[in-house]
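Please study the structure shown below together with its sequence.

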Amino acid sequence: MVGTGLAMTTSMNRSQHASLAALVLCMSSGCTSSDSIPRISGAPSLPSDVSSLRYKSDYTLSGLTTIGDGMIVASDEAALWLNDSSLSPLLVRADTGEAAATGAVHSVTARAYDVLISSDQGLYETYDDQLLRSPLNEDFSEPSFHALHSSGQGSQEQLWAATANRVYRIADGSLTQWTLDSLQGEIVSIGFTGTIALIATSEALYELDPTLADLTPIEAELGTVYGLSVGNDGGAYVASDAGLVSRTSDGEYRIYTLSDDEHAEPVTAVHVDTSVGVIAATNSGLITLDEQNSSPVGLAAFEGSQQVSALNADDDGYAWLTHGQSLQGWLVGTATSFDQDVSPMLEAECTRCHDEGGTGPTFDLRDYDVVQARAIDIMTRLDAQQMPPDESLDNSDYEIFRRWYRSGQNP
Ligand code: HEC
């Protein structure tokens with residue numbers, strides 16, 4: 001039984017810190033529950049004919065995120081980007097105009113218009129092909145984070161950041177801080193589902209309810225926990241020695257052991273997003289889940305065994321992973337397309353007003369040429385949250401358009 005010490009500080013604006021309120025939860029009889037998470041066994045077969053792209057770096061790669069048609073890779077020396085088929089350090093523009101260096105990069109997270117990176121030297125944001133020092137550094141006394149997570153866009157953005165045992169959230173212009181004294185292991189990854197923050201330490205998994213300031217350990221034998229990823233629908237996935245752990249937005253857990261016997265196949269990296277769904281890496285290949293999330297499906301077999309350190313996906317159907325000094329792209333999906341992805345979304349959200357007889361100007365949002373010609377206009381309206389005018393667009397619907405807009409606007 002673990003008593004969970006948790007201290008929360010909230011500041012209503014970023015420069016002002018309110019007094020520290022200490023809360024102790026789960027005393028003596030509180031947070032116990034048996035390890036009753038259902039396990040689903042079954043080893044998917046991995047197709048070996050999947051094409052892949054490979055890039056070699058001089059540095060050890062530890063994380064990556066895709067943005068538009070670009071990719072930012074974290075390494076032990078610098079933030080790298082893929083440029084003309086080679087991985088090169090992003091130039092850092094210092095305040096004085098001189099070149100500077102970030103040192104080791106610990107985490108990267110894609111936001112609506114840039115990538116935020118956390119390094120030995122603090123936080124930086126991408127701007128064109130350069131890094132600028134982030135104004136967010138002013139908010140933190142120790143701005144070198146193990147984990148970052150951004151969800152939502154514009155005024156809806158929530159930014160989460162974590163050191164080994166401290167969690168920060170910036171939302172609505174205010175900073176909240178939780179000090180989590182009794183975590184087992186150090187925080188490696190954090191994600192926000194829309195209601196709770198899921199926190200992975202190297203040894204365990206926790207749920208933090210930000211409104212109740214309540215920290216709950218998930219009682220399950222997971223072995224080493226490598227990381228987690230949260231989708232736009234609030235579903236989350238965790239990479240662990242026990243296999244792939246899923247959490248629905250309703251808080252139901254499952255563990256896919258990815259093996260036929262009682263020995264689970266470790267999952268060392270996981271990624272989920274709207275275009276590809278969930279992708280997880282074992283030492284032998286990449287897997288996903290079927291549409292009902294009832295069983296694992298193989299996506300690609302690696303040529304040899306490799307321990308993947310990070311996983312992401314782009315809009316062209318590639319799953320990207322880092323392993324040692326290697327960056328690999330595996331073609332496991334299809335590009336975001338107008339017919340498959342964008343058109344059904346516009347039909348559901350927009351045509352009632354933009355068809356003949358609707359309250360808005362008439363144009364045919366089912367017609368690829370019409371939408372392509374108005375793509376900038378539509379993107380601007382969605383970014384400004386002006387369309388639909390009567391209700392807000394789901395983040396996942398926004399993402400569908402944004403991905404298509406940025407990835408070549410395929411038919
Ligand atoms: C409830 C009705 C309604 C819905 C739903 C709606 N719109 Fe509109 N839209 C309007 C009205 C009314 C205007 C004209 C007023 C304005 O420009 O804000 C407009 C204007 C626009 C314009 C500018 C057109 C121009 O020629 O200036 C674009 C682009 C647009 N909407 C896109 C969308 C998209 C994309 C969606 C779905 C995500 C959407 N709208 C959903 C009512 C709607």
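The exercises below concern a predicted model, and each task is followed by a worked solution.

**Exercise 1. The chain as a whole**

Task: State how many helices and strands there are in the chain, and what percentage of its residues count as buried.

Solution. Step 1: Count the elements. The chain has five helices and 33 strands.
Step 1: Consider burial. The chain has 411 residues, and 40% of them count as buried.
Step 2: Consider contacts along the sequence. Among contacts with a separation of 6 or more, 51% are between residues 24 or more positions apart.

**Exercise 2. The faces of helix α1**

Task: Determine which residues of helix α1 are buried and which are exposed on the other side, and explain why the buried ones line one face.

Solution. Step 1: Locate the helix and its buried residues. Helix α1 spans residues 338–349, and its buried residues are D341, V342 and L346.
Step 1: Look down the axis of α1. The buried residues fall within an arc of 105 degrees, and therefore they line one face of the helix.
Step 2: Turn to the other side of α1. There, D339 and A348 are exposed.
Step 3: Identify what covers the buried residues. The cover includes α2 (351–354), α3 (368–373) and α5.

**Exercise 3. The packing of α4 and α5**

Task: Describe how helices α4 and α5 pack, and classify the residues of their contact.

Solution. Step 1: Describe the geometry. Helix α4 covers residues 375–383 and helix α5 covers residues 395–406; they pack at an angle of about 145 degrees, and their axes are 11 Å apart. The crossing of α4 and α5 is left-handed.
Step 1: List the residues on each side. Helix α4 contributes A375, I378, M379 and L382, while α5 contributes Y398, F401 and Y405.
Step 2: Classify these residues. Seven are nonpolar, none is polar and none is charged.
Step 3: Examine the connection. The loop between α4 and α5 contains P388, and the peptide bond from M387 to P388 is cis, with omega near -10 degrees.

**Exercise 4. An open sheet**

Task: Give the order of the strands in the open sheet that contains β4, and identify its edge strands.

Step 1: Find the edges. Strands β4 (52–56) and β31 (310–313) each pair on one side only, and these are the edge strands.
Step 2: Consider the twist. From one strand to the next, it averages 15 degrees.
Step 3: Strand β32 (residues 318–323) and strand β33 (residues 326–331) run antiparallel and are joined by six bridges. Opposite H323 stands S326 in β33.

**Exercise 5. The partners of β26**

Task: Compare the sense in which β26 pairs with β3 and with β25.

Solution. Step 1: Take β3 (residues 39–40). This strand pairs with β26 (residues 253–256) in the parallel sense, over two bridges. R39 has I255 in β26 as its bridge partner.
Step 1: Take β25 (residues 243–247). Here the strands run antiparallel, and four bridges join β25 to β26. S246 stands opposite R254 in β26.
Step 2: Examine the turn. Strands β25 and β26 form a hairpin with five residues between them, and G251 in the turn has a positive phi of about 90 degrees.

**Exercise 6. Positive phi and burial**

Solution. Step 1: Begin with L258, which lies in the loop between β26 and β27 (269–273).
Step 1: Apply the criterion for burial, which is 20 or more other C-beta atoms within 10 Å.
Step 2: Continue with N293, found in the loop between β29 (285–289) and β30 (296–301).

Terms used:
Residues numbered from 1 in each chain as written. Predicted model: local features only at pLDDT ≥ 70, side-chain atom pairs only at ≥ 80, totals over all residues. Axes fitted to C-alpha atoms, helices over the stretch in contact; angles between N-to-C directions. Left-handed = near helix turned anticlockwise from the far one by under 90°. Contact = placed C-beta atoms within 7 Å. Nonpolar A, V, L, I, M, F, W, Y, C, P; charged D, E, K, R; others polar. Buried ≥ 20, exposed ≤ 12 C-beta atoms within 10 Å, placed from the backbone. Arc of directions from axis to C-beta. Pairing = 2+ DSSP bridges.
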